[in-house]
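Subject: Handing over the structure

Hi,

I am passing this structure on to you, along with some notes on what turned up in it. Please have a look at it first, and then read on.

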Amino acid sequence: MGGPLKVCMVIPSYWARESKDGQRAGDAVYDHPTPLDEDGTLHRALQSLDILEDKDFQVVVIATATAGDIEDRVEEKVAGIIEKASSTADVDIKLFARSHLEEIHSLLQSWGMDEYVPLLQLGGYSNIRNLCLFIPHILGSDLAVLIDDDEVFEDTQFIGKAKEFIGSVVVDRTVHAVAGYYLQPDGDNRTVKERSPWMEYWGQYKVMDEGFDRIIWTEPRLKETPFVFGGNMVIHRELFTVVPFDPDVPRGEDIDYLINARMFGFSFFLDNKLSIRHLPPPKSHPVWVQLREDIYRFIYERAKLEGQVEREGMVRVAPEDLDPYPGRFLRSDLEEKIEGACQLLSEEYLMQGDTGGSEEALLNIELARTDAVPVSNPFRNLCELQERWEGLMEFTAMEVVRSGLMEIIEGKKE
């Protein structure tokens with residue numbers, strides 16, 4: 001992995017219908033997409049690139065719409081933001097949107113490679129993260145730096161730190177990926193300040209803080225980590241050309257990617273000097289929805305761990321290897337945790353006079369036993385996905401193929 005490292009920073013940006021239109025049935029659900037009639041946080045993030053001392057990298061913004069009928073407007077909106085930011089930024093900023101993806105699909109089909117089209121999609125967190133790996137691959141980058149558009153850079157040395165350890169050997173382990181962490185808006189990096197009884201019982205924030213104390217706030221600076229933050233990840237091409245994000249995980253795709261990487265023998269380290277300021281808009285979803293999403297992903301990831309079989313070149317990962325977080329939620333007592341937390345949350349809703357919320361909280365218990373349980377083996381599915389992903393990476397690494405795709409991403413194709 002020696003020599004100068006070529007870096008590509010990829011920033012997904014999520015956009016929704018205008019505020020007056022709200023969300024319609026069938027629209028994709030993301031944490032806080034920006035309505036088209038608002039400016040959002042993307043320009044602020046791009047402006048913050050100015051403080052970085054090392055500007056020898058490319059930036060690609062992935063414009064993502066919550067609905068197909070607004071994709072053209074989203075592309076136009078994001079293109080305008082990029083143009084405005086580029087007028088003052090000393091960084092090469094490109095746009096990747098639906099039109100670019102459709103051109104790539106057409107090229108793959110013209111080469112008789114229809115099988116790879118489903119791997120490249122603009123919907124769902126994991127699919128968009130896979131584009132965050134595919135685009136740097138096509139641009140010939142050594143490192144994919146994954147950033148979110150609700151963050152700002154405050155450390156002038158961020159790029160230098162992102163490149164500092166990648167590819168080196170630490171305690172007999174090659175550093176294939178480095179995770180940074182978030183600085184919260186108020187400067188206090190505890191997860192949640194006030195916790196109701198259901199939160200205390202569920203224990204997620206307590207365990208997360210325990211993990212942060214153990215991994216982030218202690219020496220040494222670099223250590224293997226059981227958790228990562230999707231908006232501050234640095235992944236080497238030796239990893240991203242082999243292991244994809246898993247589109248079947250409903251959310252929490254960042255930590256799920258770490259699990260995938262470990263299964264295929266790659267290492268993930270956290271650098272406690274690699275920070276970025278996280279300034280997210282408030283979440284609009286009810287608490288029972290947020291808890292439901294966590295229930296689904298923990299059940300899915302536990303099934304992935306339980307479905308492991310001996311396979312050449314792979315490493316068996318146990319819940320204990322992911323302690324304290326998310327490991328504590330991947331054990332046999334998960335259903336007990338779910339039932340107790342949902343009952344307490346239901347009671348909290350009743351005290352607030354919200355019978356609908358109370359019923360939805362209780363429904364989570366039933367869903368955990370039924371709909372949340374994967375119908376097929378997530379581990380076997382991951383292995384099949386990985387083979388296809390590696391095939392896509394090898395095919396698109398061919399010079400004649402890569403150059404055609406690169407023209408699309410760099411905007412040079414007529």
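How many of the 20 residues of α10 are buried? Please keep in mind that this is a predicted model. The count for α10 is 17 of 20, so this helix is largely enclosed by the rest of the structure.

Let me stay with α10 for a moment. The helix covers residues 287–306. Counting 1.5 Å a residue, its 20 residues should span 28 Å, and the C-alpha atoms at its ends are 29 Å apart, which agrees.

Two packed helices are described by the angle between their axes and the distance between the axes. On the α9 side, the contact is made by I255, D256, I259, N260 and M263, which meet R297, Y300, E301, K304 and L305 of α10. Sorted by class, the residues in this contact are 5 nonpolar, 1 polar and 4 charged.

Next comes strand β12, residues 268–278. Of its 11 residues, 10 are buried, so β12 too is largely enclosed by the rest of the structure. Several strands pair with it:

- β9 (residues 177–183) runs parallel to β12, joined to it by 6 bridges; L183 has R277 of β12 as its bridge partner.
- β10 (residues 222–224) pairs with β12 in the antiparallel sense over 3 bridges, with L222 partnered by D271.
- β6 (residues 151–152) is also antiparallel to β12, over 2 bridges, and V152 stands opposite R277.

Is R328 buried or partly exposed? Its relative accessibility is 29%, so R328 counts as partly exposed. Leaving aside residues up to four places away in sequence, R328 touches V207, E210, R214, D323, D333 and K337. The C-alpha atoms of R328 and Q204 are separated by 8.7 Å, with the two residues 124 apart along the chain.

Happy exploring, and do write back with any questions.

Best wishes

How values were computed
Residues are numbered from 1 along each chain as its sequence is written. This is a predicted model: local features need pLDDT of at least 70, side-chain atom pairs count only at pLDDT 80 or more; totals for chains, interfaces and linings use all residues. Side-chain values use heavy atoms; hydrogens and water are left out. Axes are lines fitted to C-alpha atoms, for helices over the stretch in contact, and angles run from 0 to 180 degrees between N-to-C directions. Helices (H or I, at least four residues) and strands (E, at least two) are DSSP runs, numbered from the N terminus. Contact means heavy atoms within 4.5 Å. Ala, Val, Leu, Ile, Met, Phe, Trp, Tyr, Cys and Pro count as nonpolar, Asp, Glu, Lys and Arg as charged, and the others, Gly among them, as polar. The expected span of a helix is 1.5 Å times one less than its number of residues. Buried means under 20% relative accessible area, exposed over 50%, partly exposed in between (1.4 Å probe, protein chains only). Two strands pair if DSSP finds at least two bridges between them.
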